[in-house]
Amino acid sequence: MKDNNLLSQYKESKRIIRQAMNDNQLVLFVGAGASIASGMPSWSEAIEKIAERLSITDTPLDYLRIPQNYYNARGKKEYTQLMRNIFKHGDFLKPNEIHNKIVEFNAETIITTNYDHLIEQAAEDNSQVISVVSKDADLPYRKAGKELIKMHGDFENDNFVLKEEDYLDYSKNFKLIENYVKSLIGTKVVLFIGYSFNDPDMKLIFSWVKDILGGDFQRAYLIEAVKSYDINEAEYFKNFGINILYASVELSLNPKKGIDPAYNLLSMLKWLLVPDDTNKIDYLLNNLKPFKGMYYASQKYLKGIFGDAGIRLENGVLSIIDTIKEADVDTQLIFNSLAYEQWIRIEKHIELPEELFFTWEDSVKNDEKRIREIQDNNNRWAEEYFKDFKPMKLKQKEISDILDIISKSNILCFECHLVSNKSQTTWNVVRIPIKKSNNPEWMSYVNSFDFGKLEEIANTNRTQLAETRPDLFMEQGYIHFVLGEFLLSYNCYKNAKSIFYKQQKYIQFFIAEFNRYIVGNMISKGLIYGIDSSNAKKVKEECDAIVLDKMFNSLPDLGESNKALKDIYTFNVAYTLFQDAYKTSEKVDEQAKTKYLLFSGTYAFASMRESISDYYDYITLNYLPVNHYSEHVSIFRMYFQSIVNSASIRDDNNVDELYSGKRVHASELVPFDVMVALRFVDTKNIEKLLMGNTITLNMSAVNYLCLVINNYNKRTMSRPLVNEDIFWKCIVILGHCTLSEELVTVAIKKMVSTICTSDYGFQANRIISFLNNANRQKVISADVITNMELLLEGELETLAQNKGEAQFHRDIVYSQLWIMQENGGIFDKPKLITPLLIDDSRLLCAYIYKLLGKKSQKVIYDAYCNWTFEMSDFGFEFYYLLVNSKIIQPNNDAEKSIIEYYGKIKTNEIQAKGIIVVPAQDEDRFLYNLLDLYMKDLIINKDACKKLILEHDLPGVEWLIDYRNYDYDKFDPNWLRLCTKGLITEICREADVRKKIRRAVENQYRKGKVIPEIIDIYFNTLVS
């Protein structure tokens, strides 16, 4: 229970501190506790580490003598090195939220006993210039303005105060700083932050306070973030002239539920910074002010702003903590006023959206009756919750403005708690969904890569651009940017910034100018094709005149929190999010690999998805042309890698799972995940991440891929390569995801209508992977076969005109024919085959012979049945194909020539003399072909052939010659890649052999020793 008398005292203390802050009379003393959340040690932890080096186990530890003992024992050099190591000098540490709040006090003077640079970094991040004084010699030269006094020195000046001798000599070594600090204590209101009563620093400083303040001066204040309220302790420190503000009192903390010192300290700083009573809503709105001029408000910033006002924002839900303890009256009034106004906006009728509904009632997805019951209960409870509520009528406009900003975000709802019994021990949860602003039409076209529709919008906008419509210039600028029309984009942003400036809309003005600067730099650096040098030169001159720092600092009235705007142009929004995303990705990985009997925390993958999608909306809806910058791209790439790894996890489908626990991971990819891959991840990395996996897509993601593929068009000369890679990224994904008949049909139809011949050669493996995946999933319909036939017709017609390309198309043509045959389709077009019977395309005809219809086979047979073996570039390979297809019979003379030739190569009697075995272009490959013929009993000189093969010590030969009886404990899966496709298929016809090979591959895969090519063979042959 709260002590009202004590709370009244705290309220008065807060008033004094805030008055001093407003009058520039507040001095902050910052101790080690402020930096612990950034990775720095506490004072006690640092001393313990030194004690370990001295093998001291006595308790309690003497905080001054232990460093002194180490110095005496090891000397200055080793002492300094150890202290630098313990206090992480030179390590990259980032300021935490406590540092940001310290800077937010806007104090003219901050005094610290810390050695780190985190306060300086926080000041810089928040656009504040601060002079640092870390030795007496600095004091006379400090500049007017804010100052940071490092009263215990630092490592740079090698004057850090830590050991006993340093404290004894302090007055001698820091005479000017000591007198200056004492003068501040005597004339200012002092607030101690991050100190423990055990810190030696405090003993020295407290003695100064007592000597200076006595009973005649206003008292200093100290935040105690750890201990519970102790009246004796509080009275003791009053004798030193210090009022203690216990977090346990103000925050109504229960010490039995654990203590988080950093959180408590941060909460106390927030409490001091937020004005009391009726000013709280004005403070909230003032912090939200920058977002009034933006088109989208990110949860990244809203979370902190609402948190300062006592309102919690987690996973898209706004709430107050009023079930564990009594909420602050003003906070509760503001929260309920916002929720009530939102309830009125939706006309007191609540329909919970799907994404909100399924996050908390996962078990009722398919139970319409239960869904309706929950919806009805939510409406009934809302009526009951608001029945006696009286909103803040005097602040109605402010409430409405805040809701307008919330509607620009992806926040899902307000969550209110309705007491459900008289004892107030159980609660019903009432959810009031946020009525979001509709995303503009152009964004759906950007996300689906529909460049045709974007061009239509740009053409329509062009007729409506006017001085009165700067927002339309912003939209047009971004559309031109997406379409690759960078000079047009630059000029649109230029016009927008001029109009916003005239209208005194300075936030929009600054964003437009930032966008112009970004696009202009791309142009002036010569990164853009098609812009003449005179235009590029003019743009460069204009961009050189833009100084964003100066412009930002001159902007008027941005509200209390202008961090969001600065984070845009400094890219700090990307840097901080990257760090957060990295930490979350580690959590995603940990949850995916850990089996939980009971999991009650937050799903890390869902949290990461929400955070990254929020960020994407933030940069896109605010028209920020930063998609090409590595700072932003790296965030999305990390996200895609993390979500794919999570979705790749397979749960154990066995009875023991109930007892061994379940992993927490993504079960499927959603449209946003696929869009991130297409927009931000290069094709090879998508391939690498998906290799060996079949990822589940939800139905919305399947439909999204259909839409993107349908939107793909051939490249145009006016906009080369603007969407060229998107289609092949889609094909890569289709090779490793769940498919539908419609998706497969759409993809193949698009291939028929758009891709050119060279694409077949360059993209052959990706197309084959896609077709094999479709075949495995049994989604090859009659319509798909019809379109595959059209695809083949176009390909063969083109090859007839360019026979030299035929060798690069063998595998893809073979795969299409094989899949058609597997699914009841036969390709029989002799007119298309006939032109390919001569020159470089002969090998292709022989290669696909077995998979063609009878008429086509006859054309090939008639052309080659009388072929005579010749020692030519393709003769060896051609002989193998014809004999294997039984177009010709094994020929004794041909075999002798081949065996003699390879025998001489083995003994180094001759060189290869330009003989090229296509496609492998090495003798080992053709020797495997010989082995294939040997195993099929298509060799006349069997003994000579067997001897030749064994003499070459080919990997896996012993297995191949007797694969039925081979000891598979010695089997190397890599041998599979040295075999022809036909040979592998033949071997795997025997179920027992296939089972043994499959088990060997799986065992090697678990050890991480299987290469992607073997994984493809595994899925295409061993499990098909």
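Q: In which helix do Lys453 and Glu456 both lie, and how many residues apart are they?
A: Helices and strands are DSSP runs numbered from the N terminus, a helix (H or I) having at least four residues and a strand (E) at least two. Here Lys453 and Glu456 both belong to helix H20 (residues 451-462), where they are three residues apart, about one turn of the helix. This is a predicted model, so local features need pLDDT of at least 70 and side-chain atom pairs count only at pLDDT 80 or more, whereas totals for chains, interfaces and linings use all residues. Residues are numbered from 1 along each chain as its sequence is written, and side-chain values use heavy atoms, with hydrogens and water left out.

Q: What does Lys453 form with Glu456, and how far apart are the closest N and O atoms?
A: Side chains of opposite charge can pair when their charged atoms come close. A salt bridge is counted when a side-chain nitrogen of Lys or Arg is within 4 Å of a carboxyl oxygen of Asp or Glu. Lys453 forms such a salt bridge with Glu456, and their closest N and O atoms are 3.8 Å apart.

Q: Is Lys453 buried, partly exposed or exposed?
A: The classes rest on relative accessible area: buried is under 20%, exposed is over 50%, and partly exposed lies in between (1.4 Å probe, protein chains only). Lys453 counts as partly exposed because its relative accessibility is 34%, and Glu456, at 45%, is partly exposed as well.

Q: Which salt bridge do the side chains of Asp862 and Lys858 form, and what is the N to O distance?
A: The two side chains meet in a salt bridge with an N to O distance of 2.8 Å. Asp862 and Lys858 are separated by about one helical turn, because they are four residues apart in helix H42 (residues 854-864). Asp862 is partly exposed at 44% relative accessibility, while Lys858 is exposed, with a relative accessible area of 53%.

Q: How do the side chains of Lys270 and Asp308 meet?
A: Lys270 and Asp308 are joined by a salt bridge of 3.9 Å, N to O. This pair links distant parts of the chain, with Lys270 in helix H12 (residues 261-273) and Asp308 in helix H14 (residues 299-308), 38 residues apart. Lys270 is buried at 15% relative accessibility, and Asp308 is buried with a relative accessible area of 9%. The model's count of salt bridges comes to 43.

Q: In what order do the four strands of the open sheet run?
A: Two strands pair if DSSP finds at least two bridges between them. The four strands of this open sheet follow the order E8-E9-E10-E11, and their pairing is mixed. Strand E8 (312-314) and strand E11 (427-433) are the edge strands, each of which pairs on one side only.

Q: In what sense do strand E9 and strand E10 pair, and over how many bridges?
A: Strand E9 (residues 317-319) and strand E10 (residues 413-419) pair in the parallel sense over two bridges. Val317 has Cys413 in E10 as its bridge partner, and Leu318 stands opposite Phe414 in E10. E10 and E11, by contrast, run antiparallel and are joined by seven bridges, with Asn428 in E11 as the bridge partner of Leu418. Because six of its seven residues are buried, E10 is largely enclosed by the rest of the structure.

Q: How many aromatic pairs are there?
A: Rings of Phe, Tyr and Trp (its six-membered ring) pair if their centres lie within 6.5 Å; planes under 30 degrees apart are stacked, those over 60 are edge-to-face and the rest are tilted. By this rule there are 57 aromatic pairs. One of them is the edge-to-face pair of Tyr115 and Phe160, with 5.9 Å centre to centre and 70° between the planes. Both Tyr115 and Phe160 are buried. Phe160 also pairs with Phe155, where the centres are 4.7 Å apart and the planes lie at 50°, so this pair is tilted. Phe155 is buried at 2% relative accessibility, and Phe160 at 6%.

Q: Over which ring does the charged end of Arg810 sit?
A: A charge sits over a ring if NZ of Lys or CZ of Arg is within 6 Å of the ring centre and within 35 degrees of the ring normal. The charged end of Arg810 sits over the ring of Tyr847, 4.3 Å from its centre, and that of Lys300 sits over the ring of Tyr301, 5.7 Å from its centre.
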